[in-house]
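Hi there,

Here is the structure I promised to pass on. Have a look at it first, and then read on for my notes.

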Amino acid sequence: MSYEVFKAKVNALIKRAGGGIKVWFSSDEEHGKHYANCSDGTVIIGSKSCLKVTVRWNGRNHQSMVAI
């Protein structure tokens, strides 16, 4: 998915969760990855070549893949 689509989908998830979480976005063009670092410690990682994202939480001790 594109970087703009990734940002829009992550922002929609935050809004549905009730808001109140700040998100800092970045993109690594060389590796085709998009990152959303949330103020609660959650990290969401997307890719240009895949519609699924990886979600890491609890100090990155847990992770899951999900389609958004």
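Leaving aside its neighbours within four places in sequence, which residues is T54 in contact with? Before the reply, please keep in mind that this is a predicted model. The contacts of T54 are V43, I44 and I45, together with Q63, S64 and M65. T54 itself sits in strand β4, which covers residues 50–57. Its relative accessibility is 15%, so T54 counts as buried, the cut-off for buried being under 20%.

Next, H34. This residue belongs to strand β2, residues 33–38. With a relative accessibility of 0%, H34 counts as buried. The backbone oxygen of M1 is reached at 3.0 Å, and the side chain of S27 makes a polar contact with the side chain of H34 at 3.2 Å. If residues up to four places away in sequence are not counted, H34 touches M1, S2, Y3 and F6, then S26 and S27, and finally I44, I45, G46, S47 and K48.

How many disulfides does the structure hold? The number is zero. For C38, the closest cysteine sulfur is that of C50, and because the two are 19 Å apart, they are too far for a bond. C50 is accordingly in no disulfide.

Happy browsing, and write back whenever you like.

Best wishes

Key. Residues numbered from 1 in each chain as written. Predicted model: local features only at pLDDT ≥ 70, side-chain atom pairs only at ≥ 80, totals over all residues. Heavy atoms only, no water. Helix = DSSP H or I, 4+ residues; strand = E, 2+ residues; numbered from the N terminus. Buried < 20%, exposed > 50% of the residue type's maximum accessible area, 1.4 Å probe, protein only. Contact = heavy atoms within 4.5 Å. Polar contact = N/O pair within 3.5 Å; in protein donor to acceptor, adjacent residues only side chain to side chain. Disulfide = S-S within 2.5 Å.
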